[in-house]
Amino acid sequence: MNSSDNLNAVKRIGTGLSFILFPLVFVFAFATHPNMFTNPHILSPKELIDRAHGNGMLHFGHALVTLNTALLVVVALHFMKILNNSWVSFIGGILAILGALMLAADKGALCLTMSALDTLTENEFAQMMPGLLAMFSKAGWLVLIWGLLLLPIGFIIQALALLKNNAIPRWQGVLFLVGVLFVGTPDGVEIVNLTAAVLLSIAFVPYGVSLIRYVEPKSADS
């Protein structure tokens, strides 16, 4: 096996691992949210702050999601490749990648900052509340964070293209489409997001395993 073959194998295995890890990270992250089963409802900015304050497990889940955005880029690029870089796959992939970047910005600005503020005393934290409310209300340039909606939109476009072109097994394409339709449900109704993440895991963990186990066919002159 030459260096080119080694590089291709690394790319293939890395892509396969991305398909395995990204939905599982979402499952874990959504499962760490409190009161998911007992009191599901869309949360106000104040409720989001109160839920995150002092919740180390929630911070850990959000940190994983921040890192997970890199895997989403790999997935989008892979689908662009297997769809032969058509205009539809290109547009869907670009939207998904931009949405992934905004998701990283969202978790960095609104979630990881909370772990830093948890190092303050309760009195100091209370004094930060006006600024936190402005942040969680997406005031100022934080309105750009709404761009994370481009992530499911881009993946929906790619899922439809995959189904139309029979580029992946139909059952996986359907689960992909349904999963991305609901994985962006607003904060506070994470039971829906968790269900969507489970559907994505069912679709993509076997897909990732198949990429890792794939053996390149030998050429006739080998």
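Is phenylalanine 176 buried or exposed?

Mentor: Happy to! Keep in mind that this is a predicted model. Phenylalanine 176 is buried: its relative accessible area is 1%, and the cut-off for that word is under 20%.

The model has 14 aromatic pairs. One of them joins tryptophan 87 and phenylalanine 90 edge-to-face, with 5.9 Å from centre to centre and 85 degrees between the planes. Both of these residues belong to helix 4 (residues 87–117), where they sit three residues apart, about one turn of the helix. Tryptophan 87 is exposed at 68% relative accessible area, while phenylalanine 90, at 36%, is partly exposed.

Now back to your residue. Phenylalanine 155 and phenylalanine 176 also make an edge-to-face pair, with their centres 5.6 Å apart and their planes at 65 degrees. This pair links distant parts of the chain, as phenylalanine 155 lies in helix 7 (residues 150–164) and phenylalanine 176 in helix 8 (residues 170–182), 21 residues apart.

For one more ring contact, look at tryptophan 146: lysine 138 lies over its face, 4.7 Å from the ring centre.

How values were computed. Residues are numbered from 1 along each chain as its sequence is written. This is a predicted model: local features need pLDDT of at least 70, side-chain atom pairs count only at pLDDT 80 or more; totals for chains, interfaces and linings use all residues. Side-chain values use heavy atoms; hydrogens and water are left out. Rings of Phe, Tyr and Trp (its six-membered ring) pair if their centres lie within 6.5 Å; planes under 30 degrees apart count as stacked, over 60 as edge-to-face and the rest as tilted. Helices (H or I, at least four residues) and strands (E, at least two) are DSSP runs, numbered from the N terminus. Buried means under 20% relative accessible area, exposed over 50%, partly exposed in between (1.4 Å probe, protein chains only). A charge sits over a ring if NZ of Lys or CZ of Arg is within 6 Å of the ring centre and within 35 degrees of the ring normal.
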